[in-house]
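Hi,

Here is the structure I promised to send over. Have a look at it first, then read on for what turned up.

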Amino acid sequence: MGLAIACTALQAHPIPGLVSLECRLADGPWQACQMQVEQLGVHWYLLVNGQRIEFRHDGRGSVTMLKPSGGWRPVNSRWLEDTSLCWDGVCARGDIPLD
């Protein structure tokens, strides 16, 4: 992709700042959280109850997650019926800016 095309694409889809969402860790209660998008659809993190949980998407369907208590590990992404998006026990709902 050429630089001009990449710049046009970024202008068409600006990267948001912190986005307020609701998150749930494991089967815990829903709580206020924030999402920061570093690169739309590629690199983002959630701020949940003082924890930073980081995510990376490789562009081919694989997502990895980094929690404060461990290293990077692959996770499965799935949408639930209540419109929340979950990555192996970490769930977020609201206006999720992933694409």
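Let's start with R24, which is buried (under 20% relative accessible area, where exposed is over 50% and partly exposed lies in between, with a 1.4 Å probe and protein chains only) and yet has no salt bridge. A salt bridge here is a side-chain nitrogen of Lys or Arg within 4 Å of a carboxyl oxygen of Asp or Glu. The nearest side chain of opposite charge is D82, 5.2 Å away. For charge, Lys and Arg count as positive and Asp and Glu as negative, while His and the chain ends are left out.

Before going further, keep in mind that this is a predicted model: local features need pLDDT of at least 70 and side-chain atom pairs count only at pLDDT 80 or more, while totals for chains, interfaces and linings use all residues. Residues are numbered from 1 along each chain as its sequence is written, and side-chain values use heavy atoms, with hydrogens and water left out.

So what does R24 touch? Not counting residues up to four places away in sequence, R24 is in contact (heavy atoms within 4.5 Å) with P29, W30, L80, G89, V90 and C91. R24 is found in strand 1. Helices (H or I, at least four residues) and strands (E, at least two) are DSSP runs, numbered from the N terminus. In strand 9, the bridge partner of R24 is C91. Strand 1 and strand 9 pair in the antiparallel sense over four bridges; two strands pair if DSSP finds at least two bridges between them.

Strand 1 also pairs with strand 2, again antiparallel, over six bridges. Here V19 has M35 as its bridge partner in strand 2, and E22 has A32. The hairpin of these two strands has five residues between them, and A26 takes a positive phi near 55 degrees there.

Now zoom out. An open sheet of nine strands has the order 6-5-4-3-2-1-9-8-7, with antiparallel pairing. Strand 6 (73–75) and strand 7 (77–79) stand at the edges with a single partner strand each, so one side of each has no neighbour in the sheet. On average, neighbouring strands of this sheet are turned by 30 degrees against each other, direction ignored (axes are lines fitted to C-alpha atoms, for helices over the stretch in contact, and angles run from 0 to 180 degrees between N-to-C directions).

Next, the core. The largest nonpolar core has 19 residues, and L21, M35, L46, F55 and W87 have the most contacts inside it. Such a core is a set of buried Ala, Val, Leu, Ile, Met, Phe, Trp, Tyr and Cys residues joined through side-chain atoms within 4.5 Å. Several strands each supply at least two of its residues, including strand 1 (18–25), strand 2 (31–39) and strand 3 (43–48). In the whole chain, buried residues make up 29% of the 99 residues.

- N49, in the loop between strand 3 and strand 4, has a positive phi near 50 degrees without being a glycine. N49 is exposed, at 63% relative accessible area.
- D88, in the loop between strand 8 and strand 9, is not a glycine either, and its phi is positive at about 45 degrees. D88 counts as partly exposed, at 33% relative accessibility.

Cheers
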